[in-house]
Amino acid sequence: MSTTVGNRSAKSAKMVASAAKGLHLLGGTDAMREAGDKYLPKFKLEDKEDYSARLSQSWLFNGYGKTCEDMVGMLLKKPIEISEAPDNIKEYAKNIDMTGNDLSAFMAEVVKDSVRSGMSFILVDAPRLPKGTSIEDANRLNIRPYFVHVKVEDILDWRTETVDNVQMLSHLRILETLEERDPKDEFQSVYRSRVRVMDLNDGVVTVRIFESEGTTEVKSGATQYALKDEYQTGMGEITIAPVYSNRKGFWQAKPLLDDLADVNIAHWQSQSDQRNILHFFRVPILSATGRNDDEPL
């Protein structure tokens, strides 16, 4: 049992915080409304109902999201082609993540997220082979490596060390969410948190899987995790690759369009003020003359 494996390190928290603006902007009007006073401050004398009304009438002109889409479109305006590779790799590229995305579609999402956060990640994973499984059996069962898109919000912590004068990862923790059928209701889902821990020791990568105790009705973190599995991959390095858009160092980056995000948030706030002002100016103000204040209307 562990109560700390799911904790986020300070450097990870800093990375997530720097990417938060882009995450909300890409979510559009709904995400900005959900963020509430994080990006739309509440006036000093504004009550909760008035603020909720103002927030619900605000809308986002998503110049940030359009710019991200345009940049990805320019970079990947032609499908990615693999010119020199074994035939099986070319076949893998047609369904690179085992969810139906080819390499071009997969990379479009990775690049878009990299622009948003400064960097994003590609984890190379593979199902564990049962003992005695032959290559023919693996091919027949479609057991093969595949890509997993990992975002900065999924990274809990990492450490590095120098091996043969090369800086490389020695430790990585990734937060994952498992969706399960609710045992009490077959038409509902519950969620369980899982932490994948990868360590490079003596030139071999060891993987440990921790799962949260109990399930929740919403996606959230957990406080207690139990070790469910542990195995060696046989690999000499942790198979995850950062995709940088604005690199500032090894596993360090800054959101590429951070300044544009600030301008777009300023527009969100200004547009909200404008609509709020128009609302008051468009509503007639009741006025009466030639009567006493104590007379009923």
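Buried here means under 20% relative accessible area. By that cut-off, helix α8 of this predicted model has buried residues at Asp-258, Ala-261, Asn-264, Ile-265, Trp-268, Gln-271, Ser-272 and Asn-276. They pack against α1, α2, α3 and α4. Elsewhere, five strands form an open antiparallel sheet.

**Helix α8**
- Helix α8 covers residues 258-282, which is 25 residues.
- At 1.5 Å a residue it should span 36 Å, and its end C-alpha atoms are 36 Å apart, so the two values agree.
- An α-helix has 3.6 residues a turn, so residues three or four places apart point the same way.
- The buried set includes Ala-261, Ile-265 and Trp-268.
- The partners of the buried residues are α1 (10-26), α2 (28-35), α3 (48-57) and α4 (63-75).

**Nonpolar cores**
- The largest nonpolar core holds 26 residues.
- Leu-25, Met-32, Tyr-39, Met-107 and Trp-268 touch the most other members of this core.
- Helices α1, α2, α3, α4, α6 and α8 each supply at least two of its residues.
- The largest share, six residues, comes from α6.
- A second, separate core has 22 residues, among them Met-119, Ile-155, Ile-174 and Tyr-231.
- Which residues does Tyr-39 touch, not counting those up to four places away in sequence? They are Ala-20, Lys-21, His-24, Met-32, Ile-265, Trp-268 and Gln-269.

**Helix packing around α1**
- α1 and α4 pack at about 95°, with axes 8 Å apart.
- Angles of 65 to 115 degrees count as roughly perpendicular, so α1 and α4 are roughly perpendicular to each other.
- On the α1 side, Gly-22, Leu-25 and Leu-26 meet Tyr-64, Gly-65 and Cys-68 of α4.
- The axes of α1 and α6 come within 8 Å and cross at roughly 130°.
- α1 and α6 are therefore oblique to each other.
- Ala-19, Gly-22, Leu-23 and Leu-26 of α1 make this contact with Lys-112, Arg-116 and Ser-117 of α6.

**Lys-112**
- Lys-112 sits in helix α6, residues 103-117.
- Is Lys-112 buried or exposed? Its relative accessible area is 18%, and the cut-off for buried is under 20%, so Lys-112 is buried.
- Beyond its neighbours within four places in sequence, Lys-112 is in contact with Leu-26, Cys-68, Glu-69 and Val-72.

**Sheet**
- The strand order is β3-β4-β5-β6-β7, with antiparallel pairing.
- β3 (155-163) and β7 (225-232) are the edge strands, and each pairs on one side only.
- From one strand to the next, the twist averages 25°.
- Strand β5 (residues 185-201) pairs with strand β6 (residues 204-212) over eight bridges, in the antiparallel sense.
- Arg-196 stands opposite Ile-209 in β6.

**Loop residues with positive phi**
- Asp-164 is not a glycine, yet its phi is positive, about 55°.
- Asp-164 is placed in the loop between β3 and β4 (166-182).
- Its relative accessibility is 71%; the cut-off for exposed is over 50%, so Asp-164 counts as exposed.
- Asp-202 also has a positive phi of about 55° although it is not a glycine.
- Asp-202 lies in the loop between β5 and β6.
- With a relative accessible area of 82%, Asp-202 is exposed.

Note on methods
Residues numbered from 1 in each chain as written. Predicted model: local features only at pLDDT ≥ 70, side-chain atom pairs only at ≥ 80, totals over all residues. Heavy atoms only, no water. Helix = DSSP H or I, 4+ residues; strand = E, 2+ residues; numbered from the N terminus. Expected span 1.5 Å × (residues − 1). Buried < 20%, exposed > 50% of the residue type's maximum accessible area, 1.4 Å probe, protein only. Contact = heavy atoms within 4.5 Å. Core = buried A, V, L, I, M, F, W, Y, C linked by side-chain atoms within 4.5 Å. Pairing = 2+ DSSP bridges. Axes fitted to C-alpha atoms, helices over the stretch in contact; angles between N-to-C directions. Parallel < 35°, antiparallel > 145°, perpendicular 65-115°, else oblique.
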